[in-house]
Amino acid sequence: MELQTRTSEIRLDENGIIWRILRPGAVDEVEDAREALAAVTSLCDGVPRPVLNDMRGLVSVSREARNVFADPQLTSSVKAAALLADSPATSLIGSFFLGLNHPPYPAALFTDLEEALAWLKSQL
């Protein structure tokens, strides 16, 4: 099953990993974050799951949206999060989130998809 939001496509793969793929040029605001988390929660079906956040299309994310993604209540849906970056800009966005927002679940920044998926599989 794949869910569409204004800024991303979200799906659960056969390994139990949720993929959130941001659209090219995406700008995540607080409502986008809430919409994405509602989609992730619906795909989790009550089981916390690892999430791959493919940020390669992301242009920016608001501070308020970062706060939504770091809400302590997310541990009921998000078991771990891999942030996939492909540029200095997306790496900086991911570093800000990890360093300033301190997510309540294990989270790491990656530039290689296979490394990110291997890490998420280790979190299952």
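Leaving aside neighbours within four places in sequence, T75 is in contact (heavy atoms within 4.5 Å) with P48 and P104. The structure is a predicted model, in which local features need pLDDT of at least 70 and side-chain atom pairs count only at pLDDT 80 or more, whereas totals for chains, interfaces and linings use all residues. Residues are numbered from 1 along each chain as its sequence is written, and side-chain values use heavy atoms, with hydrogens and water left out. T75 is found in the loop between α2 and β7, helices (H or I, at least four residues) and strands (E, at least two) being DSSP runs numbered from the N terminus. Although T75 and Y105 are 30 residues apart in sequence, their C-alpha atoms are 6.3 Å apart in space. With a relative accessibility of 37%, T75 counts as partly exposed, a class that lies between buried (under 20% relative accessible area) and exposed (over 50%), with a 1.4 Å probe and protein chains only.

When residues up to four places away in sequence are not counted, R6 touches R23, V27, D32 and E35, and its C-alpha atom is separated by 9.1 Å from that of D28, which is 22 residues apart from R6 along the chain.

Side chains of opposite charge can pair when their charged atoms come close. With a salt bridge taken as a side-chain nitrogen of Lys or Arg within 4 Å of a carboxyl oxygen of Asp or Glu, the count comes to six salt bridges. In one of these, D32 pairs with R6, the closest N and O atoms being 2.6 Å apart. Because D32 lies in helix α1 (residues 30–44) and R6 in the loop between β1 and β2, this pair ties together parts that are 26 residues apart in sequence. D32 is buried, with a relative accessible area of 4%, whereas R6 is exposed. A salt bridge also joins the side chains of E9 and R23, at 3.5 Å from N to O; E9 lies in strand β2 and R23 in the loop between β3 (18–22) and β4 (26–28), so that parts 14 residues apart in sequence are tied together. Both partners are partly exposed, E9 with a relative accessible area of 30% and R23 with 25%. Within helix α1, R34 and E31 are three residues apart, about one turn of the helix, and form a salt bridge whose closest N and O atoms are 2.8 Å apart; R34 is partly exposed at 46%, while E31 counts as exposed at 52%.

Helix α3 (residues 88–101) includes L100. The 14 residues of α3 should span 20 Å at 1.5 Å a residue, and the 19 Å between its end C-alpha atoms agrees with this, the expected span being 1.5 Å times one less than the number of residues. T90, S91, I93, G94, F97 and N101 of α3 are buried. Seen down the axis of α3, these buried residues fall within an arc of 160 degrees, so they line one face of the helix, the arc being that of the directions from the helix axis to the C-beta atoms. They pack against β6 (58–61), α2 (63–69), β7 (78–84) and β8 (107–110), whereas P88 and L100 are exposed on the other side of α3. H102, which follows α3, has a positive phi, near 45 degrees.
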